[in-house]
Amino acid sequence: MFRLIPAIGLVLGLAACANGQANLEKPVQPIGSFKLGHAAVVAPNLTKGPVSREASAEEWIASVDSALEERFRRYEGDNFYHLGVSVEGYVLAQPGVPLVLSPKSALIVRVTVWDDAAQAKLNAEPEEITAMESFSAETTLGSGLTQSKEEQMRNLSANIALQIEKWMRRKQMNDGWFGGRDAGKPLAAQAVDDKPRGPGPETVAQPAPSGVAEPTTPRG
């Protein structure tokens, strides 16, 4: 548990995350064959970072679970996969902290993906993922001054769900998860990708073998 405290301190100085809530408004692009079966969220080793508001494990479990359901229930692939998420550490910026410290909210989780058909993990070791609060006019001076604890948790949970999705997409492209990079594409898109580029070997004229006359067209 204590090994996470330095990591939480480090993320306080990182840049803000992409806005997970706003990202939900974009068109849904399949994650290969991915379809969410179950999302199990736990928080057995929850660590509160420095100068943070207090939030219980139960509150974090409910908040992260809601964000995962909102993001991943949109995907309608052919195969079920399950997400196991452990909430490890957090910082919820609070009012009253000197602005020179630029307090930022952050959330750290560990994620495991299960393939339902194979009844096996896709990643042997949990992936640690961090999300920061999104940059906005409200958070310029620190979200502790402008947002309630519940708003901070909702925004961080949406951001962590987006970061999990980005990681899953990288694994699909690089490691063949969820059927590989072509899974989930419309057939027309696959046909364009598979279309030969330039003439194939069968279209290149071949010279006649040495000593063999080429056929000629008889004259009428």
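What share of the contacts in the protein chain with a separation of 6 or more is accounted for by residues 24 or more positions apart? In this predicted model, such residues account for 78% of those contacts. The protein chain contains 6 helices and 6 strands, and these elements follow one another along the sequence in the pattern α-α-β-β-α-β-β-β-β-α-α-α. Of its 220 residues, 40% count as buried, while the accessible surface of the protein chain amounts to about 12,600 Å², with 57% of that area belonging to carbon and sulfur atoms.

Among the individual positions, Ser-33 lies in the loop between α2 (20–23) and β1 (34–42). Ser-33 counts as buried because its relative accessibility is 8%, under the cut-off of 20%. When residues up to four places away in sequence are not counted, Ser-33 touches Gly-77, Asp-78, Asn-79 and Tyr-81, together with Phe-178, Gly-179 and Ala-183.

At least two lining residues are supplied by each of α3 (57–72) and α5 (149–175), and α3 gives the most, with 3 residues.

Key
Residues numbered from 1 in each chain as written. Predicted model: local features only at pLDDT ≥ 70, side-chain atom pairs only at ≥ 80, totals over all residues. Heavy atoms only, no water. Helix = DSSP H or I, 4+ residues; strand = E, 2+ residues; numbered from the N terminus. Buried < 20%, exposed > 50% of the residue type's maximum accessible area, 1.4 Å probe, protein only. Contact = heavy atoms within 4.5 Å. Areas by Shrake-Rupley, 256 points an atom, 1.4 Å probe, with all protein chains shown as cover.
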